Amino acid sequence: LLSNANIIRAISTPEKLNLQKLFPKKEIVLIANGFDAPVDAVSTTAKSKMIFLFMARLHEKKGVTPLVQAWINSSLNNDPHYELAIAGTDEGELAKIEPLLQQSINAKYIGVIYKDAKQEWLAKSSFFVLPSQCEGFPVSLLETAAAGLIPIITESCNFPEILQQQLAIKTGNNAEEITASLEHCKSLQMPDIAQLAANVSSYIKANYNLDLIAQKQYELYCTLLNK
């Protein structure tokens, strides 16, 4: 199917580079995933504690188990000023993290969150953690960043743009690297956190909103019809 395609769409810069190697004679167009971002400004209300939100499938490749281990190893564990909230459907990792969660009074599994419940967690959280081993281009990253959560992500999340512009915190896949990232977040000052949250939200809304993505798709389809 790919070899017979007129144009191949890539959803991230790393994917485009890989496709260009596989299909050097094909036209590869980068149109990323988009998110229907709300127009509301990011809340600047002081939060009672700093919440780190993991919102993804509890699958091995998402890195939730090393994340919980990293939390247990960090100085944030059992500190009432911080909290780790894990949300998502279980795909094999819940049984692994439950014994670890028992070692913490401020890390918990909150189940699957939708609609109002999800919006409540986005409003009160400060960081989005996704220490993934493999991603396409995660919409959850766009959604949380648009809401003003500062991303803590790996290179495997395939969003080099926000790492290059220092709009996210780079972490690794193992517990030691994630622990270091958590400690770095703890060292940040509140004005810096607020500014970074506003900057990443503005960037996502300006560059990855669905209206812009839809327009790019429309123009691409028109190009195809004119060929």
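Reader: In which helix is K115 found?
Author: This is a predicted model, in which local features need pLDDT of at least 70, side-chain atom pairs count only at pLDDT 80 or more, and totals for chains, interfaces and linings use all residues. Residues are numbered from 1 along each chain as its sequence is written, and side-chain values use heavy atoms, with hydrogens and water left out. Helices (H or I, at least four residues) and strands (E, at least two) are DSSP runs numbered from the N terminus. K115 belongs to the run of residues 115-124, which is helix α4.

Reader: Is K115 buried or exposed?
Author: Buried means under 20% relative accessible area, exposed over 50%, and partly exposed in between (1.4 Å probe, protein chains only). K115 is a residue other than glycine with a positive phi, near 45 degrees. Because its relative accessible area is 70%, K115 is exposed.

Reader: What is the relative accessibility of N158?
Author: N158 is likewise not a glycine, and its phi is positive at about 60 degrees. N158 sits in the loop between β7 (150-153) and α6 (160-164). This residue counts as buried because its relative accessibility is 17%.

Reader: How many nonpolar residues are in the contact of α2 with α3?
Author: Contact means heavy atoms within 4.5 Å, and here V64, T65, V68, Q69 and I72 of α2 meet K96, I97, L100 and L101 of α3. Ala, Val, Leu, Ile, Met, Phe, Trp, Tyr, Cys and Pro count as nonpolar, Asp, Glu, Lys and Arg as charged, and the others, Gly among them, as polar. By these classes, two residues are polar, one is charged, and the number of nonpolar residues is six.

Reader: What separates the C-alpha atoms of L142 and I204?
Author: L142 is in helix α5 (residues 139-146) and is buried, since its relative accessible area is 0%. Beyond residues up to four places away in sequence, L142 touches N33, G34, F35, F137, F159, I204 and Y208. L142 and I204 are 62 residues apart along the chain, yet their C-alpha separation is 6.6 Å.

Reader: How far apart in space are K16 and D90?
Author: K16 is in helix α1 (residues 13-22) and counts as partly exposed because its relative accessibility is 25%. Leaving aside neighbours within four places in sequence, K16 is in contact with A10, I28 and L30. K16 and D90 are 74 residues apart in sequence, and their C-alpha to C-alpha distance is 31 Å.
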